[in-house]
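Hi everyone, thanks for coming. Let me put today's chain up on the screen, and then we'll walk through it together.

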Amino acid sequence: MASQEIEALSAALARLPGLGPRSARRAVLWLVKNRERALPDLLEALDAISQTLVECETCGNVDTINPCGICADVRRDAKALCVVEDVADVWALDRARLFQGRYHVLGGKLSALDGIGPEDLNIASLIDRVSTGEVDEVVLAMNATLEGQTTAHYLAERLEEHKVRITQLAHGLPVGGELDYLDEGTLAQALRARRPVG
Ligand SMILES: [Zn+2]
């Protein structure tokens, strides 16, 4: 029977995506064995993150500065806006360095089943950004899931009245696929083949 502290750490790690109770116990065991070497780095990194992490008020990305590094980067094309469901999608697209514009994170997708409506997502702030007239193109980069595509259609309708070109990732994406899990080749192809909605 492990101590209360070790159990608490195991339970906390077991809540992380991709880790179950077994993997969490193995991670804890490894940390206990390597505590002098591994713990200080981990503690420092966790502390730094918990102190500095903020949500970008412009795009909804998570970074250590607000506006985030992407919004603050003047070399990026302010005329192109890529709308994604989650922060992980920004990171996936930006890791591949495929898109030179800026992003807008919805914070989820429309879902009748989960009771998530337009007012629950960062849609009003998206319309605000487009209303300034500085944006020429909005790329709807939703996941190729039913709810992702429903969200894209809804956004396309809402954006229709604005003078902006609306494009969507091509359906080279696997059905049911999520951006975060795609290889860079598939992502690149889908982004290159984006096309007008409707
Ligand atoms: Zn930002």
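Predicted model: local features only at pLDDT ≥ 70, side-chain atom pairs only at ≥ 80, totals over all residues.

In which loop is P67 found? P67 is found in the loop between β2 (62-63) and α4 (69-72).

Residues are numbered from 1 along each chain as its sequence is written.

Now the overall picture. The chain has 8 helices and 7 strands; these are DSSP runs numbered from the N terminus, helices being H or I with at least four residues and strands E with at least two. The C-alpha trace spans about 65 × 35 × 35 Å along its principal axes. The domain assignment gives domain 1 (4-52) and domain 2 (62-196), with bounds that come from an automatic or database assignment. Taken over C-alpha atoms, the centres of domain 1 and domain 2 are 33 Å apart.

Let's start with two helices. α1 (residues 4-14) and α2 (residues 21-33) pack at an angle of about 130°, and their axes are 8 Å apart. The contact is made by I6, L9, S10, L13 and A14 of α1 together with P21, A24, R25, A27 and V28 of α2. Contact here says that C-beta atoms, placed from the backbone, lie within 7 Å.

On to burial. Of the 198 residues in the chain, 26% are buried. A residue is buried if 20 or more other C-beta atoms lie within 10 Å of its own, exposed if 12 or fewer, and partly exposed in between, with C-beta atoms placed from the backbone.

The largest nonpolar core has 36 residues. By nonpolar core I mean a set of buried Ala, Val, Leu, Ile, Met, Phe, Trp, Tyr and Cys residues joined through C-beta atoms within 7 Å. C82, V83, V84, L93, V138, L140 and A141 touch the most other members. Elements that each supply at least two core residues include β3 (77-84), α5 (87-95) and α7 (146-159). Leaving out residues up to four places away in sequence, L140 touches V83, A152, L155, A156, I166, T167, Q168 and V197.

Last stop: is R97 buried or exposed? R97 counts as exposed because it has 9 C-beta neighbours inside 10 Å. R97 is found in the loop between α5 and β4, and its phi is near 50°, a positive value in a residue other than glycine.

Conventions: Contact = placed C-beta atoms within 7 Å. Axes fitted to C-alpha atoms, helices over the stretch in contact; angles between N-to-C directions.
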